[in-house]
Amino acid sequence: MLQHLLDEPVQHRGEHAAVIEGATSSNLTYDKLGQLSDRLRDRLLAIGVKRGDRVGLYLRKSADAVISIFGALKAGGAYVPVDPTGPAPRNAYIHNNCGVKAVIIEQKFLAAYQEEIGKLGPVPYLIVLDDVGGGVPLEEALDALDTQSQAAVQQTVISDPDDLAYILYTSGSTGTPKGVMLSHHNAMGFVDWCSQVFEPLTSDIFSSHAPFHFDLSILDIFVSLRHGASVVIIGEEVGKEPEGLARLISEQQISVWYSAPSTLSLLAQFGKIPEHDFSKLRMVLFAGEVMPIVHLRSFKSQVPAPRYFNLYGPTETNVCTWYEIPSTIPEDRVEPYPIGRTCSHLESLVVDPDGQPVNKGAEGELCISGSNVMQGYWGLPEQTARSFLPGEASGRRWYRTGDIVTELDDGIYRYIGRRDRMVKKRGYRVELGEIEVCLYRHPAIHEAAVVAVLNENSEVRINAHLSIRGSEHPSLIKLKTFCSQHLPVYMVPDRFIFHDALPKTSTDKIDYQTLTRKY
Amino acid sequence: MESIELAIKKHVLQNYLQGQDPNELTEVTPLITTGILDSMATLKLTLFLEEQFSISVEPQEVSEKYMNTIEKIAELVRSKNPSIS
């Protein structure tokens, strides 16, 4: 199970750097990672965490957060990370929703979190860190707790493959985030596949660019550490700054890079790549949204040596199809590369709106079956049932990705679009419905319709169309501020467009097609 | 020469808050944490500052910590080039 992936590297590569914090270059060795995650396990068990309990993380990306992940897993728990840059009410909702037993939280987030979670129910047991960095604040917090009462040394809990390993919350169309439940079996299926395809080396240095509540982080953390390699944690702030990222890739000698395409696009345009040394980079992986060909070509021409992979898959399955970008991108190619073929340990199927398989080459919804596929959404049995094909076609559970594809030659899939109102913005999943629910909470808003459009650089922009009560509409600053109090910043609409009344269809529903087409 | 604060304010209003009542954008209005400036807009603002005030902004300074409000941005600019008012 995931917690045991550390055993071998701790035994054989104890002195080797496991986690490197990109900003400070401080190293956490495998020995230390092993010791501290054992101590956190003991503390969690001492406070009554049992197999299957949820353990919340409210930490900035750091060695402390990685230790916390392993500590929670070693105690038999499932970790539930939240976006530390996101609004406290949303994060409190998430932890309350899945009933976390304990939370490891930084002091700076504590007051707002306690207030918000207190409104929803009992406050979970809190392990409070003064700061994060190199595992030191976590060690100090554990020391302080041990002074009060020593936690007995325990064994790492043996999990069942079907026990939950983590719950990742994504945007939910009904206005609240929904928790995708992933088991050890799900995670191990994916990690094993990565080991087989990417063949990591102990000398590799992985990037960890994605936030820990984002499924890309599973590859960053578990694939790197399982192989005794190192992982460089890139903090929330540097993560958005291309020149800083280019410098970090060079200084930390990153060999395996993994991020959303938008980050590669920013690097290609603003990273001043020729001024930096990318010679150690041997693999570039990207996932989360469509990579515009113009930026891929630009990045690849500046960094030609590595192998490039387009990975595809929703949080519910993690990566389920993959495609290696050819060494040369033809000058006249304008179409994005396909999402590729199904991972060898999974099965795929393309179905029509009735759930019936389509003929090869026809458009349809991609469905995935196999070990990666989630158990379901936390506390949402109906939504879970709807996300699978009814019945068990050929004895399998088929997860409906919501993504429309066509099959090209040799089982390679081309991505066409979505069947619903979910979009990807900078790799993040955004349910347009969740933004609408937020807007409707504003007292001045009468009608709200949110649509996604592509700008001239093929980037997703979110437009909110509004009609208001009264004559004076709230200012842009007020609206953006209001949204940012309820939504993560990547979900705040880019534009607000005011109408006397929103356009309607003949059946008196909001005419989304017109709103998408005309603006 | 106009003040640093005014130059930043004009840039933000013209590019990211068209049609907005200028009085509502104060020196302490959060810009990054509210999504008024996304990462691309923050980069473009940085390029503008570098050119306008002949300064060089470090990559780690292109962040919420140093650039979330007009006040903070002006402070950053002054720290780089004390000769401007």
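Mentor: A:Leu285 is located in strand β12 of chain A, which covers residues 283–286; strands (E, at least two residues) and helices (H or I, at least four) are DSSP runs, numbered from the N terminus. The model is predicted, so local features need pLDDT of at least 70 and side-chain atom pairs count only at pLDDT 80 or more, while totals for chains, interfaces and linings use all residues. Residues are numbered from 1 along each chain as its sequence is written, chains are lettered from A and ligands numbered from 1 in the order in which they are written, and side-chain values use heavy atoms, with hydrogens and water left out.

Is A:Leu285 buried or exposed? Its relative accessibility is 1%, so A:Leu285 counts as buried; the term means under 20% relative accessible area, with exposed over 50% and partly exposed in between (1.4 Å probe, protein chains only). Leaving out residues up to four places away in sequence, A:Leu285 touches A:Phe198, A:Leu219, A:Val256, A:Trp257, A:Tyr258, A:Ser259, A:Phe309 and A:Leu311, where contact means heavy atoms within 4.5 Å. A:Pro306, 21 residues away in sequence, has its C-alpha 9.9 Å from that of A:Leu285.

Together with A:Leu2, A:Leu33, A:Phe222 and A:Leu225, they touch the most other members of the largest nonpolar core, which has 86 residues. Such a core is a set of buried Ala, Val, Leu, Ile, Met, Phe, Trp, Tyr and Cys residues joined through side-chain atoms within 4.5 Å. In soluble globular proteins, nonpolar side chains tend to be buried together. Beyond four places in sequence, A:Leu225 touches A:Leu5, A:Leu6, A:Pro9, A:Ala18, A:Tyr30, A:Leu33, A:Val66, A:Phe70 and A:Val231. A second, separate core of 51 residues includes A:Phe482 as well as B:Leu37, B:Leu45 and B:Ile55.

With residues up to four places away left out, A:Thr170 touches A:Pro177, A:Lys178, A:Val180, A:Thr315 and A:Arg429.

Further along chain A, an open sheet of 3 strands runs in the order β23-β24-β25 with mixed pairing; two strands pair if DSSP finds at least two bridges between them. Its edges are β23 (445–454) and β25 (495–498), each pairing on one side only, and the twist averages 25° from one strand to the next. The antiparallel strands β23(A) and β24(A), the latter spanning residues 460–468, are joined by 9 bridges. A:Glu447 stands opposite A:Ser467, and A:Val453 has A:Arg461 as its bridge partner. The hairpin that these strands form has 5 residues between them, and A:Ser458 in the turn has a positive phi of about 60°. In β23(A), 7 of 10 residues are buried.

Helices α13 (residues 432–440) and α14 (residues 476–486) of chain A lie across β23, β24 and β25. Helix α13 runs at about 150° to β23(A) and helix α14 at about 120° to β25(A); angles run from 0 to 180 degrees between N-to-C directions, and axes are lines fitted to C-alpha atoms, for helices over the stretch in contact.

Overall, chain A contains 15 helices and 25 strands. Its radius of gyration of 23 Å is close to the 24 Å of the globule rule for 519 residues, so chain A is as compact as a globular protein of that length; the radius is taken over C-alpha atoms, and the rule is 2.2 Å times the number of residues to the power 0.38. In chain A, 60% of the residues count as buried, and 67% of contacts between residues at least 6 apart in sequence join residues at least 24 apart. Chain B, by comparison, has 4 helices and 0 strands, and 52% of its 85 residues are buried.
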